[in-house]
Structures are given as structure tokens and as C-alpha cells.
Amino acid sequence: MLKLLFGAAALAVLGACAQQPAEPTREELVARGEYLVNNIGGCNDCHTPMTPQGPDMAKALQGSTLIFAPLVDIPWAPTAPSIAGLPANYTEEQFVAFMQTGLRPDGSRPLPPMPPFRLNEDDARAMAAYISTVPRAAE
Ligand code: HEC
């Protein structure tokens, strides 16, 4: 009986550990964010100056004129602003909220073709952590 109880307690402890994975380190968060931004989010396709070979990663996320325009008359922003190092008027928390809601800190929405991202909090935090490390353009 005692053995059984002990076994159950050990299992419960193991179970609790499995349910609470350790918080990622800042380094792990940045690495995941880099993957999400560069391999999934497509942010460079609009926010990085384009060359015939693809986005100019020496100027990653420093803003760009779009290389395409809509075929129908819809609201449209022809340039994507710099978001390198996070947009100047956003805190990291505000950027996390933006990636989850699509709303800027002032409550407004960017025009198309900025996609209305609805990331979960973990992914939004990872993207924010990575983008905060991307160098802004030298003034
Ligand atoms: C298809 C093109 C496109 C893609 C892909 C794209 N963006 Fe945008 N983004 C834009 C444009 C254009 C604007 C400007 C909208 C405006 O001026 O209203 C914008 C605006 C923004 C803003 C608002 C900046 C501000 O000044 O308030 C943020 C933040 C942003 N984008 C982040 C991202 C991130 C992060 C990704 C990738 C996960 C991404 N964007 C992908 C085109 C794009």
C-alpha cells in the first residue's frame, strides 16, 4: 500500500513538472523569434528593401517602398515603415500586444497590405524579443 502511494506521489510530481515547462531564456526567445520573423512571418518581404536576389538583409526590417500594388481600389499603404529594433514609438509590451491584436498602441490599425496578425502570446513575445535585437539604420 505504502509503495503504491509513493508511486502515485512520484507520478504526480512528474506530471506537475511536465505541465510546467521551464520559461525560455531570453536567448531561446530571440532564436525562436528569428525563426518566426525570417521563416514564417514574411516580414522582410515588405519591411526590408528588395533586390532581384530577395530582401537586402544588411538592411533587415529597416523599412521599404513596396514592390507591388493592388489591382483593385482598396485602402493601401505603399511603404512599410522601419520596425528594426522595434518601431520607435512602441515599448516591447506594446509590440507584443500589436502582434496579438493588430492594433497599434494608439488603437489604430495599419492599412493593407500589413497582415492583421493574431499570434499567440508566446510567438508574439518571441518575435518582439528578436526584432528588438535587429539594428536600426545608422542616422
Ligand atoms: C505584405 C507586406 C507586409 C508584411 C508581410 C508585413 N508587413 Fe508590417 N506593414 C506593412 C505596411 C505596408 C505597413 C504600413 C501600414 C500603414 O502605413 O498603415 C506595415 C506596418 C507595420 C507595423 C506598424 C508600424 C507603426 O508605425 O505603427 C508593424 C509593427 C509591422 N508592420 C510589423 C510587421 C511584422 C512584425 C511583420 C512580420 C511578422 C510584418 N509587419 C509583415 C506591410 C507588411
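This is a predicted model: local features need pLDDT of at least 70, side-chain atom pairs count only at pLDDT 80 or more; totals for chains, interfaces and linings use all residues.

Reader: Secondary structure next. How many helices and strands?

Author: Five helices and four strands. Along the sequence the pattern reads α-α-α-β-β-β-β-α-α.

Reader: What about contacts between residues at least 6 apart in sequence: what share joins residues at least 24 apart?

Author: In the protein chain, that share is 47%.

Reader: On to the metal. Which residues coordinate the iron atom of the ligand?

Author: His47 through NE2 and Met114 through SD, at 2.0 to 2.1 Å.

Reader: What arrangement do the six donor atoms around the iron atom make, and why?

Author: Octahedral, because the six donor atoms subtend angles of 88 to 180° at the iron atom of the ligand. For reference, ideal angles for six octahedral donors are 90 or 180 degrees.

Reader: Where do His47 and Met114 lie?

Author: His47 is in helix H3, residues 43-47. Met114 is in the loop between helix H4 (92-101) and helix H5 (121-131). The two residues are 67 apart in sequence, so the pair ties together separated parts of the chain.

Reader: His47: buried or exposed?

Author: His47 is buried, at 9% relative accessible area. Met114 is partly exposed, at 23%. The cut-off for buried is under 20%, so Met114 does not count as buried.

Reader: Switching to aromatics. How many aromatic pairs turn up in the whole structure?

Author: Four. One of them is Phe68 with Trp76. Their ring centres are 6.0 Å apart and the planes sit at 75°, so the pair is edge-to-face.

Reader: How accessible are Phe68 and Trp76?

Author: Phe68 is partly exposed at 36% relative accessibility. Trp76 is partly exposed too, at 22%.

Reader: And how do the rings of Phe95 and Phe98 sit?

Author: Their centres are 6.3 Å apart, with the planes at 40°, so that pair is tilted. Phe95 and Phe98 are three residues apart in helix H4, which means about one helical turn separates them.

Reader: Is Phe95 buried or exposed?

Author: Phe95 is buried, with a relative accessible area of 3%. Phe98 is buried as well, at 8%.

Reader: Now charges. How many salt bridges does the whole structure have?

Author: The search finds four. Among them is Glu92 with Arg26, where the closest N and O atoms are 3.0 Å apart. Glu92 lies in helix H4 and Arg26 in helix H2 (residues 26-41), so the bridge ties together parts 66 residues apart in sequence.

Reader: What about accessibility for Glu92 and Arg26?

Author: Glu92 is partly exposed at 26% relative accessibility. Arg26 is partly exposed at 44%.

Reader: What does Arg32 meet in a salt bridge?

Author: Arg32 meets Asp123, at 2.6 Å from N to O. This pair links distant parts of the chain, with Asp123 in helix H5 and Arg32 in helix H2, 91 residues apart.

Reader: Asp123: buried or exposed?

Author: Asp123 is buried, at 15% relative accessibility.

Reader: Last one. What separates Glu121 and Arg125 in helix H5?

Author: About one helical turn, because they are four residues apart in that helix. Their side chains meet in a salt bridge, 2.9 Å from N to O. Glu121 is partly exposed at 40% relative accessible area, and Arg125 is partly exposed at 28%. Salt bridges with shared partners join Glu93, Glu121 and Arg125 into one network.

Reader: Good, thanks.

Note on methods: Residues are numbered from 1 along each chain as its sequence is written. Side-chain values use heavy atoms; hydrogens and water are left out. Donors are N, O and S atoms within 2.8 Å of the metal (3.2 Å for Na, K and Ca); water is not among the atoms, so sites may look incomplete. Four donors count as tetrahedral if all angles lie between 85 and 135 degrees; four count as square planar and six as octahedral if opposite donors are over 155 degrees apart and all others between 65 and 115; anything else is irregular. Buried means under 20% relative accessible area, exposed over 50%, partly exposed in between (1.4 Å probe, protein chains only). Rings of Phe, Tyr and Trp (its six-membered ring) pair if their centres lie within 6.5 Å; planes under 30 degrees apart count as stacked, over 60 as edge-to-face and the rest as tilted. Contact means heavy atoms within 4.5 Å.
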